[in-house]
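Reader: I have a new structure open and would like to learn how to read its features one at a time. Could you take me through them slowly?

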Amino acid sequence: MLTQYKEKSPVRGVLFDVDGVILDTECLYSRFWMEACHFYGFPMTRQQALQLRSLNKTAGQEKFHALFGPTADYTTIRQKRIELMDAFVEKEGVTAKPGIYALLDALDARGIPCAITSSSPQQRLESYLTPLNLYHRFVKVISGYDVPRGKPEPDIYLRGAAELGLKPETCLALEDSPAGILSASRAGCLPVLIPDLDTPGEDTLSLLYAKADTLADVITLL
């Protein structure tokens, strides 16, 4: 099902977040953020873990201090989260979200280019997407480490549109997190929310071009 909040606009390109949009990995991030925090004595809840989605390092550190005080070091805990999650993924792998192949086929059929605009590092994006035959489907793969400021700042979506040779206002930006939607909105893109682990708040809904239940529903916007 698709809910459109704003008047239909021409779509010339599509920019994809990865975790929680293309890959069913946000549940893993939440799990291992909690485990890493508990390892260092900070009792993080699932709802608190969800608040870290797509945040850049500065915003992540601010969130940790707000939740647990000045002794909670984002970099240290994040490194533990990476260690725990990498061990799990090496053994179990990751899975694609429903509708991704159908949407990419529809984009190919219409000649609409697409790019990845993810906070994750390039090496991780390639290692996660390649076994699923997805990495090569994108014209560009842009990491949050490739831009000066990560989400929720607009840099990665401005870069994504520029790499496709398009204006941001002609690009759908597919996201699952409030920080990602804010980033896309600030860039002037057409933000589309595909909810993953929680229900969006009114502040997020107010920024949306559309909301889709699955990636396949996005096809109707093309």
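This is a predicted model: local features need pLDDT of at least 70, side-chain atom pairs count only at pLDDT 80 or more; totals for chains, interfaces and linings use all residues.

Reader: How many residues does the largest nonpolar core have, and which have the most contacts inside it?

Author: In soluble globular proteins, nonpolar side chains tend to be buried together. A nonpolar core here is a set of buried Ala, Val, Leu, Ile, Met, Phe, Trp, Tyr and Cys residues joined through side-chain atoms within 4.5 Å, where buried means under 20% relative accessible area, exposed over 50%, and partly exposed in between (1.4 Å probe, protein chains only). The largest such core has 53 residues, and those with the most contacts inside it are F16, I22, F64, L172 and L174. Helix α1 (residues 26–39) gives the most to this core, namely six residues; helices (H or I, at least four residues) and strands (E, at least two) are DSSP runs, numbered from the N terminus. Apart from this core lies another, of 13 residues, which include V147, L164, A173 and A187.

Reader: At what angle do α3 and α4 pack?

Author: Two packed helices are described by the angle between their axes and the distance between the axes. Axes are lines fitted to C-alpha atoms, for helices over the stretch in contact, and angles run from 0 to 180 degrees between N-to-C directions. For α3 and helix α4 (residues 74–92), the angle is about 100° and the axes are 9 Å apart. That makes α3 roughly perpendicular to α4, since angles under 35 degrees count as roughly parallel, over 145 as roughly antiparallel, 65 to 115 as roughly perpendicular and the rest as oblique. K57, G60, Q61 and F64 of α3 meet Y74, T75 and I77 of α4, contact meaning heavy atoms within 4.5 Å.

Reader: Is Q61 buried or exposed?

Author: Q61, found in helix α3 (residues 57–68), counts as buried because its relative accessibility is 18%. A polar atom of the Q61 side chain lies 3.0 Å from the backbone oxygen of A72. Leaving aside neighbours within four places in sequence, Q61 is in contact with A72, D73, Y74 and T75.

Reader: Which residues of helix α8 are buried, and what covers them?

Author: In helix α8 (residues 178–187), the buried residues are A179, G180, I181, S183, A184 and A187, and their cover includes α7 (155–163), β5 (171–175), β6 (190–193) and α9 (202–205). T204 is found in helix α9 and counts as buried, at 6% relative accessibility. The C-alpha atoms of T204 and I181 are separated by 7.0 Å, although these residues are 23 apart along the chain.

Reader: Where is the cis peptide bond, and what is phi of N133?

Author: The peptide bond from K151 to P152 is cis, with omega near 15°, and P152 lies in the loop between β4 (140–143) and α7. For N133, a residue other than glycine, phi is positive, near 55°. N133 sits in the loop between α6 (122–129) and β4 and is exposed, with a relative accessible area of 52%.

Terms used. Residues are numbered from 1 along each chain as its sequence is written. Side-chain values use heavy atoms; hydrogens and water are left out. A polar contact is a pair of N or O atoms within 3.5 Å; within protein, one must be able to donate a hydrogen and the other to accept it, and residues adjacent in sequence count only if both atoms are side-chain atoms.
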